[in-house]
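Subject: Handover of a structure, with notes

Dear colleague,

Please read them with the coordinates open beside you.

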Amino acid sequence: PELGVLSILGALEAATGVPASLGCTDPAASNYDSSATVSDGKCEPVAYGCTDSLAENYDETAEIEDQTCQLIHYGCLLTNALNYDQSANVNEPALCDMPIVGCMDSSADNYVARAQAPGVCRFKGCLDSTSPAYDSTADLPSTCTAELTGCTQSGAFNYVPSANTDDGSCAFLGCIHSVMLNFDSNANFNDDSCIYPFPACTDPVADNFVPSANVDDGTCAYPGCMFPDGFINYDSTATVNRGCIPVIRGCEDTAAGTYNSLVNTPDDSYCIFVGCLVPEALNYDSSATVSCFNAECCIPAIFGCMDVNACNYNSVATTGNQAPMPDGGLCDYRSCAGCTDPRANNYESLARIDDDSCDLEGVGSSIGSSIGSSIDGSGPAIPSPSLPPSPPLPPPPPVEISPPPSPPNPPSPPGAFIEVTWELGIALAEFDSTKRLNMRNGIANFLNERASTDAFTASFVQIDDESIEEFETDARRGRRRLAAAIRVTTRIFVPNSVTVDIRSIIRNASLADLTAALGIDVLSVAVADAGDDDDDSGGDSGGGGGGGGGGGG
């Protein structure tokens, strides 16, 4: 036969000029061969059936779904059960609530008041027809001395105290379903008391506590700060990160020029005390660590006599004493001393200090003789003449004051304050007044922790401006998130001896590092070049320490 088929194929090829091949040519068959030109009679029909492995009628040999799948539905299929479920297709005996079977005839000796399905009623009595106690309604043999059957177990629901023969009808009520929380293995009749399990978090101190839950499923979440570095309230027991308070290092001395009221981790190395460091100046401050940056801040000391009554009083003196010369004092009380009484024979018009040397000889006797003649009666009474008022003291002579030598110029400032401006793109939904404050503190700490020396401090940080823009945050999913572009000006004191490239520190930081340090989701960061800052007087390195500006943005 195969030779005959081959001959036929050869004949077809010769007649049509097209190569011929055997195979299943029925497109509906499971083994259809699109390259076959001659049917080999071996086409196999497609197997239809349910291809859902979860269905009750799943057919593993089926190749094409025929929409006949029947999903498994567990339920009670016992027709005598109280909760018979005709829609179920898989019987689950544990779910069946079986009725309490018992005698429902109240006149029977084994009557069960709570019976839900009729059972056999028993009537005890004497079955001996010859006995006077014969009972024609009795169906259980009993002594003719009144035998009574029933449940004789006192713990049973249908216990019959008067029974003297147990009939096996004792009913013990309880939850008979093993999957329930209050399953009772001793019960043989369900009393509808079953408690369904409700798994959830049952710890009242957890963030997701569910009061109605009765089974702890291990999902309790405990909020707290989960970052051990850079935050003061790290909680090792936390499972949900929340409420991290960044470490704010700085100076808490209110007298310092770098005092920061937001500091929660004091560090004296951040304190800078600005004052006059010229020892010869009147306002020299030995506690200052940084000199004021202009010569006018130091008040030069001008020595001189500061007593207005002294001969050499100096009205512009700023320091001195009132002790007399030459006993270690600066004041001259002798060169302008003399008699200041104009009536005296030795009155000195230029004297400013009376030295009790006035000569009043002859002045007093002339006045006395005139007064005496009027007293002895030789002439009219002459009133005593009053002394003329003393003339005002002449102005003090001008004092030539030689200005003291100028104090030496204050030392050059030991450093400089520089400003670096950068922009942060942050998620707007996360930005509020609290995050704004934490971000400012986080920036200062971020820069300080990455500086090359402890002498570096970034105590002055302010957020100047904010504008709202939209940033493409996830191009793959095509979602956009409203974000804020925050312009931050960082004012930093850099000592002369320190070399630090502020811009490179910022540019080299990853967004993850900035997010952790600032406590807010940072989407982007850009740093202005030195020439673009509003005030970049100090360059980007310490005043005398050298170092160039940062690299590209």
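A485 is found in strand β27, residues 479-495, where strands (E, at least two residues) and helices (H or I, at least four residues) are DSSP runs numbered from the N terminus. At 10% relative accessibility A485 counts as buried, the term buried being used for under 20% relative accessible area, exposed for over 50% and partly exposed for what lies in between, with a 1.4 Å probe and protein chains only. A485 and I426 are 59 residues apart in sequence, yet their C-alpha atoms are 6.6 Å apart in space.

Before going further, please note that this is a predicted model, in which local features need pLDDT of at least 70 and side-chain atom pairs count only at pLDDT 80 or more, while totals for chains, interfaces and linings use all residues. Residues are numbered from 1 along each chain as its sequence is written, and side-chain values use heavy atoms, with hydrogens and water left out.

As for the chain as a whole, its secondary structure comes to 5 helices and 28 strands, and buried residues make up 30% of its 553 residues. Taking the contacts (heavy atoms within 4.5 Å) between residues at least 6 apart in sequence, 31% join residues at least 24 apart. The chain exposes about 32200 Å², of which carbon and sulfur atoms supply 53%; accessible areas come from the Shrake-Rupley method with a 1.4 Å probe, and for residues only the protein chains shown count as cover.

Turning to charged pairs, a salt bridge is taken as a side-chain nitrogen of Lys or Arg within 4 Å of a carboxyl oxygen of Asp or Glu, and by this rule the count comes to 2. In one of them the side chains of R242 and D207 meet at 2.8 Å, N to O. This pair links distant parts of the chain, since R242 is in the loop between β18 and β19 (249-250) and D207 is in the loop between β15 (199-200) and β16 (215-216), 35 residues apart. R242 is partly exposed, with a relative accessible area of 44%, and D207 is partly exposed as well, at 40%. The side chains of R343 and D341 also meet in a salt bridge, at 2.9 Å, N to O; here R343 counts as partly exposed at 31% relative accessibility, whereas D341 counts as buried at 15%.

For charges, Lys and Arg count as positive and Asp and Glu as negative, with His and the chain ends not counted, and the place of a charge is taken as NZ of Lys, CZ of Arg, CG of Asp or CD of Glu. A negative patch is formed by E348, D354, D355 and D356. D356, in turn, is found in the loop between β24 and α2 (363-375), is exposed at 75%, and has a positive phi of about 60 degrees although it is not a glycine.

Q67 likewise has a positive phi of about 60 degrees without being a glycine; it lies in the loop between β4 (64-65) and β5 (74-75) and is exposed, with a relative accessible area of 68%. A nonpolar surface patch of about 280 Å² is made by I72, Y74 and L95, and of these Y74 lies in strand β5 and counts as partly exposed at 48% relative accessibility.

Two further loop residues may be worth a look. F227 lies in the loop between β17 (223-224) and β18 (240-241) and is partly exposed, with a relative accessible area of 37%. Leaving aside residues up to four places away in sequence, F227 touches Y234, N241 and C244; F227 and N241 are 14 residues apart in sequence and 8.0 Å apart in space, C-alpha to C-alpha. S131, in the loop between β9 (124-126) and β10 (140-142), is buried, with a relative accessible area of 15%, and touches C126 and C144 when residues up to four places away in sequence are not counted.

Key: Patches are made of residues with over 30% relative accessible area and no salt bridge: like charges are joined within 9 Å, nonpolar side chains (Val, Leu, Ile, Met, Phe, Trp, Tyr) within 5 Å.
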